[in-house]
Amino acid sequence: MLVALLPGDGIGPEVITQARRVLDALAIDGLVFEEALVGGAAYKATGHPLPADTLALAKRADAILFGAVGDPDCDALERHLRPEQAILGLRKELSLFANLRPATLFPELADASALRPEVASQIDMVIVRELNGDVYFGEKGMRKTATGKREGYDIMSYDEDEVRRIARVGFETAMARDKKLCSVDKANVLETSQLWRDVVIETHAEYPEVALSHMYVDNCAMQLVRNPGQFDVIVTGNLFGDILSDQASMCAGSIGMLPSASLDAAQKGLYEPIHGSAPDIAGQGKANPLATILSAAMMLRYSLGLPEQADRIEAAVAKALSGGARSPDLGGTHSTREMGDAVLAALT
Ligand code: GGG
């Protein structure tokens with residue numbers, strides 16, 4: 001089994017190092033790693049954020065463990081050369097259309113949540129974010145209006161097949177949990193959202209046991225803070241899912257805690273923390289590696305067929321937190337490496 005390791009930029013290499021230590025400690029037979037450059041690091045070395053070699057490795061691998069991309073040195077580059085294009089390119093090239101973002105509060109972190117402990121303790125949901133469409137991939141550009149003003153545009157579009165396939169992932173995810181699916185859109189304003197809602201309702205016929213509800217995205221943002229316990233599975237578009245999952249992460253303690261899986265139709269996947277490259281703390285040993293370590297656990301479960309090993313990692317993370325491991329984002333002083341040490345020490 002080949003895992004492509006793509007550390008990327010900023011804190012990416014630091015958090016991937018800790019995830020690799022944990023995977024090595026499991027001593028899984030036949031698991032091999034190959035590393036490649038991606039993002040700003042790749043641009044600086046090769047002139048492209050997603051070099052052909054990196055893409056070829058990602059295609060060849062059984063799974064990809066990805067750190068983060070984003071580098072302020074690249075802010076002035078044309079959009080197609082910016083580090084973020086690497087992750088968008090991988091999602092598109094590998095047809096990774098389904099992004100699963102579990103948001104669960106480890107009970108030990110009730111004090112770190114942005115919510116009151118009695119509200120925070122209700123958080124146990126999966127946000128299913130569509131990854132191959134929406135404004136991210138629609139036509140975009142910069143033009144001059146008739147009066148000479150600069151005008152930027154990003155076209156938001158979804159076709160019904162794109163909505164149907166992510167709706168099915170939402171329903172399947174709900175079937176494996178509490179059978180409650182909330183579809184989030186902005187159907188009172190957007191045509192794409194009206195189509196989204198229609199197709200989700202049509203797809204519901206395939207999953208009659210699932211209780212389906214619909215919510216506007218603005219209301220959902222509010223409900224995540226007011227009453228997060230009402231959510232089991234949320235299915236939503238690319239942009240709304242990006243924003244809502246960052247919000248959910250702070251309800252669950254920290255953006256440094258949330259892992260994610262980006263899957264194709266055959267469960268091949270790219271696994272990454274939902275956080276970005278955090279250039280402000282890069283190289284200082286302040287990053288929380290737990291989201292990446294938990295992403296490695298998701299990789300073992302979803303793409304490599306090793307659920308017991310995934311359980312071991314998740315149990316070790318819980319034990320490390322119970323033992324008081326806290327990086328600065330969680331209100332503590334543990335360094336990135338010390339967080340990794342605590343998980344390693346807790347592995348049984
Ligand atoms: N590990 C996540 C990451 O690197 N995020 C940077 C980024 O550009 N993300 C775009 C997106 O998730 O929509």
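Leaving aside its neighbours within four places in sequence, with which residues is Leu 131 in contact? In this predicted model, the contacts of Leu 131 are Arg 91, Leu 96, Phe 97, Ala 98, Asn 99, Asn 238 and Ser 262. Leu 131 itself belongs to the loop that runs between strand S5 (124-130) and strand S6 (140-144). Despite this loop position, Leu 131 counts as buried because 26 C-beta neighbours lie inside 10 Å, and the threshold for that class is 20 or more.

The position of Leu 131 can be set against the domain assignment of the chain. This assignment gives domain 1 as 1-99 + 256-348 and domain 2 as 113-131 + 158-252. The C-alpha centres of the two domains lie 25 Å apart. Across the boundary, nine residues of domain 1 are in contact with twelve residues of domain 2. On the domain 1 side, the residues that touch domain 2 comprise six nonpolar, two polar and one charged. The UniProt record, in an unreviewed entry, places a feature named "domain: Isopropylmalate dehydrogenase-like" at residues 2-343. That span is 40% helix and 20% strand, and its end C-alpha atoms lie 23 Å apart.

Attention may now turn to strand S3 (residues 63-68). Six of the six residues of S3 are buried, so the strand is largely enclosed by the rest of the structure. S3 pairs with strand S1 (residues 2-8) in the parallel sense over five bridges; within this pairing, Leu 5 has Leu 65 of S3 as its bridge partner. S3 also pairs with S12, again in the parallel sense, over three bridges, and here Ala 63 stands opposite Gly 269 in S12.

Strand S12 leads on to the ligand. Strand S12 (269-273) and helix H4 (84-93) each supply at least two residues of the shell around the ligand. The residues of this shell are Ala 68, Val 69, Gly 70, Glu 84, Ile 87, Asp 242, Glu 272, Pro 273, His 275, Gly 276 and Ser 277. By class, the shell holds four nonpolar, four polar and three charged residues.

How values were computed. Residues numbered from 1 in each chain as written. Predicted model: local features only at pLDDT ≥ 70, side-chain atom pairs only at ≥ 80, totals over all residues. UniProt positions renumbered as here; feature names shortened; annotations may be inferred. Helix = DSSP H or I, 4+ residues; strand = E, 2+ residues; numbered from the N terminus. Buried ≥ 20, exposed ≤ 12 C-beta atoms within 10 Å, placed from the backbone. Contact = placed C-beta atoms within 7 Å. Near = placed C-beta within 6 Å. Nonpolar A, V, L, I, M, F, W, Y, C, P; charged D, E, K, R; others polar. Domains from an automatic or database assignment. Pairing = 2+ DSSP bridges.
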